[in-house]
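Try each task before reading its solution.

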Amino acid sequence: MRAAVVTFPGSNCDRDLAVAFETAGFEVERVWHKDTALPDNLDVVGLPGGFSFGDYLRCGAIAANAPICREVIAFAKRGGHVLGVCNGFQVLVETGLLPGALMRNAGLRFVCKPVALKVETELSAFTGLYDSGTEVTIPVAHHDGNYQADAETLRMLDAEARVAFRYCDNPNGSAGDIAGILSENRRVLGMMPHPERAIDPLHGGTDGLALFSGLAEALVSA
Amino acid sequence: MTEPAMTEDLIAAHGLKPEEYAEILRILNRDPNFTELGIFSAMWNEHCSYKSSKKWLRTLPTEGPQVICGPGENAGVVDIGDGQAVVFKMESHNHPSYIEPYQGAATGVGGILRDVFTMGARPIAAMNSLSFGMPDHPKTRSVVSGVVAGVGGYGNCFGVPTIGGEVRFHPAYNGNCLVNAFAAGLADANAIFYSAASGVGMPVVYLGAKTGRDGVGGATMASAEFDETIEEKRPTVQVGDPFTEKRLMEACLELMQTGAVISIQDMGAAGLTCSAVEMGDKGGLGIRLDLDRVPQRETGMTPYEMMLSESQERMLMVLRPEKEAEARAVFDKWDLDFAIVGETIPEDRFLIEHQGRIVADLPLATLAGSAPEYDRPWVPTPAAEPLAPVPEIDPIDALKALISSPNYAHKAWVYEQYDQMVMADTVIAPGLGAGVVRVHGTSKALAFTSDVTPRYVRANPVEGGRQAVAEAYRNLTAVGATPLAATDNLNFGNPEKPEIMGQLVGAIQGIGEACKALDMPIVSGNVSLYNETDGEPILPTPTIGAVGLIEDLEHIIARPARAGHVLLLLGETTGHLGQSALLAEVFNREDGDAPHVDLEAERRHGAFIRANRDWIDACTDLSDGGLALAAFEMAETAEVGLVLEPGDTATYFGEDQGRYLIACSFDKAEALMVAAGRAGVPLTSVGRFTGDKLRLGTSEAPLAELSTLYRGAFAAALG
């Protein structure tokens, strides 16, 4: 299985995400934001956390217009799997691959801590190894993780079971306690918490590992 | 533009004493021009020249088999085995942080990160030691929220985990907060980059962000009329851009891989001036700069402004000429400025050209090497008055008073604003004691701590200096690490006052003694003097940042205590209450002497912990707050109740040094007692973990109630 991890200027979790994919058995290619093509025979693209372009305009907005993102969008539209973590989630909503927006945290401060999440659906390649309703602990680290969308979109996300994770104790004011959502074809996942920071016992927990290994299993059997 | 005349006021406005100006005249055999005066003032100010402290800093131990590079470069370099090195330093950004808390703190973090990656190391950990005025002082809340947000804003975006630090409050910092930023990076021991230029005719290359007028005069003191020409145009506090710094780091590390870099120096205080002079001086070369080629953010900048600008995120390099195209490509990739602004020259000159004119022509080696050095008069700090009697107090009431003070409350409000886990190697996140990060891709780890107890230093600078080092040693030991080396950030008042100078001299003596005895050489550091407002000095605050090595993570001490565990106390308890947290927080008194530090005992006890670390589940050192606070913190972390043996106020809250608390099973405790007997160290059982209450002798409270108090107090006071 092959994963590509994109580096934008200001990405700072690109290595961490690559390590997580590798831990789950992926062969990882690193891709630069100015590249105009993704590697061949790719199974998944990872958009990492960080502060792409300094988050100076609106989080993820400039990165969403980087040359590589045209390819990421095309890849997703062809049915490819895409995982966006933290800043990567912000990029995904800016590309339109996922609905809604990520606003400044309700507390107005950066928040970094392990949080409890409820797995809302096991119906995706990312969440297949979890049981719906399970509580997992995965760290967050963001200033703009307050997910918002119009009422109709929120209803649709609920109705189509596209909310992947919800916060048990909402750290940022997200509508419906939403921590991560899936695309309509369930192959694009955007989430604010960092599963790549919970894959090794040294991290204090390994609840994030099942996301990567579950994806690997799903892609092998697909 | 006409240059200002060399008046006494102008000279004084540059922080130069008449005798220092006379020295300039002697060196040049003529009057300096305005730009040259600025250059001298930048090189000779306290910040760059250490003119008041140099004599004493020389007494510190700086060598050891583990030291690859001691003080004098951008940061210290220490061997951690397997061909790897840790590169670290701590530096203050006090004054800017009080004027503009967010940017002051942010650029403090940026500056120290640059010091580390300039040496070829990728930053892997940051810490911040912060001292603020009292929470009820009108400025404190805004300073705290700005500083903490600024530290986070820069470090989080740059992508370095903040894994430790300190936060304290005391009225002596009401008008003068302290922001001491520490950073550590990882490098290959054979790929460290230094600042000494070599080779004649080598291109001097400017990298990174453009030069603006920000920070002009930041390293010197400006007068009123000076304000009209320079100061009012732009703020003196620089503005940080962590996004540019992140790219600058990636580009520099990438460039270093190509073999293009002969030497490199970041532009920090007094920017272009200090960095160019440093590179030339260390290499025994002259430097010629053409200011027209300096990337500029604004038009019409004068040579004076360009030479003294403290714009952030800039680097100067001496490059192998044949590698220019390769180097330029790296910087193009990261969309950063790359400009050849000068060259190395054989003669001893610092030659600055601007618009076809020579605007400064100074003897470079003399400029770098002849900074004044003072042996300032000092008086030893008088012995502290004996401690007045301390009344007995209910220990639970006293503990509640401590943990509801922002000084001893849980600091999650602060740490949660810092990314503690980016790079995914954090093993122990900040909170209590040392932070630990894994050395990426290995089973080794590095432990980091920063410590000082300013009350002790004021009462007794020598003991206080020793204690800061000893506490750092203990914090590293308590996670199972072997202390390797330290960096010192010495924050004091006005050194022209003999009693302040006496504090500095005493503290350096104590630090030196402890570093020698505990084998923790000082490999880098920074001195910040003149921390006074309206003649009132801060508490003397010599912050010690220290680094330890855990050779294999199997030996880390990082498990929580569990129900059924025994609590053991290593070290002698005499009940020293002088200058204690209990006195300050409960009785509003700061009297008595600082506790004595027995360095031999520290060494023995540290060695005992390390030798037996596989039997120890949880460990913490005892510092201010004594046995009761340390035991509470251990129980609170583990979320399990604790029963402590009966004791009096001095037993529970005394701050005797050289002590640790150990939690482990009964079987292991027996083995440890035997080992302690053999090693000749005092180890006693003082309690056991059980139930859901904290019991101190006959007084008790539900742990949950104490925990709520402890976790809510900081936000209640400052949120």
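**Exercise 1: strand E15(B) and its neighbours**

Task: Find which residue takes a positive phi in the hairpin of E15(B) and E16(B).

Solution: Start with the hairpin, which places six residues between the two strands. Among them, look for the positive phi: Gly441(B) has one near 80°. Keep in mind that this model is predicted. Next, check the pairing: E15(B) and E16(B), residues 445–451, run antiparallel over four bridges. Within that pairing, Val436(B) lies opposite Ala447(B).

Now turn to E14(B), residues 426–428, which pairs with E15(B) in the antiparallel sense over two bridges. Here Val436(B) is the bridge partner of Ile428(B). This hairpin also has six residues between its strands, and Gly431(B) in the turn shows a positive phi of about 155°.

**Exercise 2: the faces of E15(B)**

Task: Work out which residues of E15(B) point one way and which the other way.

Solution: In a regular strand, side chains alternate between the two sheet faces. In E15(B), Gly435(B) and Val437(B) point one way, while Val436(B) and Arg438(B) point the other way. All four are buried.

**Exercise 3: where the chains meet**

Task: Describe the interface of chain A and chain B, from its area to one of its salt bridges.

Solution: First, take the area: the two chains bury about 2400 Å² between them, 59% of it on carbon and sulfur atoms. On the chain A side, Arg15(A), Cys112(A) and Leu202(A) lose the most area, together 25% of what that side buries. Then count the salt bridges: the rule finds four across the interface. In one salt bridge, Asp335(B) meets Lys34(A) at 3.4 Å, N to O.

Technical notes: Residues are numbered from 1 along each chain as its sequence is written. Chains are lettered from A and ligands numbered from 1 in the order in which they are written. This is a predicted model: local features need pLDDT of at least 70, side-chain atom pairs count only at pLDDT 80 or more; totals for chains, interfaces and linings use all residues. Side-chain values use heavy atoms; hydrogens and water are left out. Buried area is the accessible area (1.4 Å probe) that two parts lose on being put together, summed over both. A salt bridge is a side-chain nitrogen of Lys or Arg within 4 Å of a carboxyl oxygen of Asp or Glu. Buried means under 20% relative accessible area, exposed over 50%, partly exposed in between (1.4 Å probe, protein chains only). Two strands pair if DSSP finds at least two bridges between them.
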